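Please walk me through this model in the viewer, one selection at a time. I would like to know what to pick next and what is found there.

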Amino acid sequence: MTVPPSSQPEKPSRYRRHYAAGERIFEAGEPATEAYIIESGRVAIRLSLPEGPKDIAVLGREALFGEMALLGDGFRAASAVAVEDTTVQVISKASFDAALAAADPFLRHLLRLSMERGQQLLRGRSRNERLDADLDDQRDRQRAWERLRFDQALEEAEHQQQFCLHYQAIVPLAEADAPLGFEALLRWERPGQGLVSPAVFVPALEASGRILSVGRWCLERACADAITLGNALGRSVEMAVNLSPRQLEDPALVPAVAAALAASGLAPARLKLEITESVLMSNFEAAQQLLEDCRALGVHLALDDFGTGYSSLTYLHRLPVDTLKLDRSFLKQVQTDDRAYHVVAGISRLASDLGMRTVAEGVENAAQAASLRALGIGYAQGCHFHPPAPLSAALTWLGHEGGRFRASHSAGKPL
Ligand code: C2E
Ligand code: CA
Ligand code: CA
């Protein structure tokens, strides 16, 4: 290692090194502990062949090198030599591994495979000679293939229309009145496996971006079904549709909402878009703008899972939100913990002062319903009232009982 190219004295850094022309950065056969990015200068990647050294690449500014051994078996297959005075930025194995661990398992596996192949070429090894992957690699490979199969199954699900919506009533707590509306909950009728919960597959739809087209379909279907449900009840109903993080970043969302409303004839004020607190907080400014655009269409907005994330009341007035949906984790606490009781009472009062509705989620029994009523919560949702059900079952319920809650109706688990 030599002096820096600049005449200015420079503080030594663990992450920056200088090499003089001709100096070795690493040797073939050495254990690999770092990768490098060239800041200035040039580096030759050199193989030692029986007929003499051979440069297989000469890399310049911003090129990454030395990463293959970190991904593969950990030993250098070639040497790296500074062709001229060179400065490199050092990437430690620890930070390299951390970045790799955070990557999508499928991409990680592809990366490993292509790196391994690159190394085989460098070393002139045949595929059969390759040491088979270590345990981590095998696990990665298995997860990668599972993930690929799952993504393919979801792609097929969309093309073969295996998705459907179930509807769960949102009922007023104060009196046994007809439902205010319904929440649309996505289901996958997976052949041979029955109904699959969105908790299992929405994250994969989200990761692949497929949530954008599936989400559009949900909006269209839910708006059309809101009209059918309203006709059965004899008055219009609200329809709540869940939005995922990716949809909130999609510039096509607002036109898609407008198109779903136009196609169904549903009044904008009857549609409610639900977004979770954590999604909102992760990209507040962008989400705020998008929500304001949706609000400008006349659509209403609900903050979902309130109480699971930041639960910061301070930003509530900055959002065009008209409904707070209290997460069901609050329910358990309200019955056992005095402080939680007062927190929920406070939230309920604040929401009402801000002109918002409160909806308690996941109400499973009469005792919970009574506590919520006492707290002044306006609306509730849960299997105690009406489990999520296909459109036909929701229509039968509305037809037979006018959607009025009866204690006898309280059977059933979600999904
Ligand atoms: P969420 O929006 O909080 O939906 C409420 C969840 O509570 C639903 O789970 C519902 O079936 C369940 N639930 C209803 N009543 C009860 C009850 O009495 N007790 C209990 N323990 N649970 C009850 P589900 O349908 O499995 O949905 C899970 C999550 O998946 C939803 O949570 C929502 O975040 C997401 N999701 C559902 N549909 C969609 C969709 O169309 N698009 C997107 N992006 N996400 C969706
Ligand atoms: Ca929801
Ligand atoms: Ca929720």
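**Ligand, pocket, cavity**

Select β10 (181–190) and β14 (300–306): each of these strands supplies at least two residues of the shell around ligand 1. Of the elements that contribute, β10 gives the most to this shell, with 4 residues. Keep in mind throughout that the model is predicted.

The shell holds 22 residues, and the closest are Gln168, Arg187, Asp304, Glu364 and Cys383. Coloured by class, the shell around ligand 1 comes out as 9 nonpolar, 6 polar and 7 charged residues.

- Glu364: an N or O atom of the Glu364 side chain is 2.6 Å from a nitrogen atom of ligand 1.
- Glu183: a polar atom in the side chain of Glu183 lies 3.2 Å from an oxygen atom of ligand 1.
- Asp305: a polar side-chain atom of Asp305 also lies 3.2 Å from an oxygen atom of ligand 1.

How much of ligand 1 does the protein bury? Taken alone, ligand 1 exposes 800 Å², and the protein buries 84% of that.

Hide the ligand and turn to the space around it. Ligand 1 sits in the largest pocket, which contains about 1100 Å³ of space. The largest pocket is lined by 40 residues; those closest to its centre are Glu183, Leu185, Pro198, Asn242 and Asp304.

β10 gives the most to the lining of the largest pocket, with 5 residues. By class, that lining divides into 19 nonpolar, 12 polar and 9 charged residues.

How many cavities of 30 Å³ or more does the structure hold? There are 3 cavities of that volume, and the largest cavity has a volume of about 50 Å³.

To find the largest cavity, select Ile170, Leu180, Glu238, Ala240, Lys272, Glu274, Ala302, Thr323, Lys325, Arg357 and Val359, which line it. Then show the strands: β12 (238–242), β13 (271–276), β15 (323–326) and β16 (357–360) each supply at least two residues of this lining. Colouring the lining of the largest cavity by class gives 5 nonpolar, 1 polar and 5 charged residues.

How values were computed:
Residues are numbered from 1 along each chain as its sequence is written. Chains are lettered from A and ligands numbered from 1 in the order in which they are written. This is a predicted model: local features need pLDDT of at least 70, side-chain atom pairs count only at pLDDT 80 or more; totals for chains, interfaces and linings use all residues. Side-chain values use heavy atoms; hydrogens and water are left out. A residue is near a molecule or strand if one of its heavy atoms lies within 4 Å of it. A polar contact is a pair of N or O atoms within 3.5 Å; within protein, one must be able to donate a hydrogen and the other to accept it, and residues adjacent in sequence count only if both atoms are side-chain atoms. Accessible areas come from the Shrake-Rupley method with a 1.4 Å probe; for residues, only the protein chains shown count as cover. On a 1 Å grid over the protein atoms alone, a cavity is a set of points where a 1.4 Å probe fits but cannot get out, and a pocket is an open set with protein on both sides within 12 Å along at least five of seven lines; lining residues have an atom within 4 Å of a point. A molecule sits in a cavity or pocket if more than half of its atoms lie within 2 Å of its grid points. Ala, Val, Leu, Ile, Met, Phe, Trp, Tyr, Cys and Pro count as nonpolar, Asp, Glu, Lys and Arg as charged, and the others, Gly among them, as polar. Grid points are joined across faces, edges and corners, and a volume is the space filled by probe spheres set on the points.
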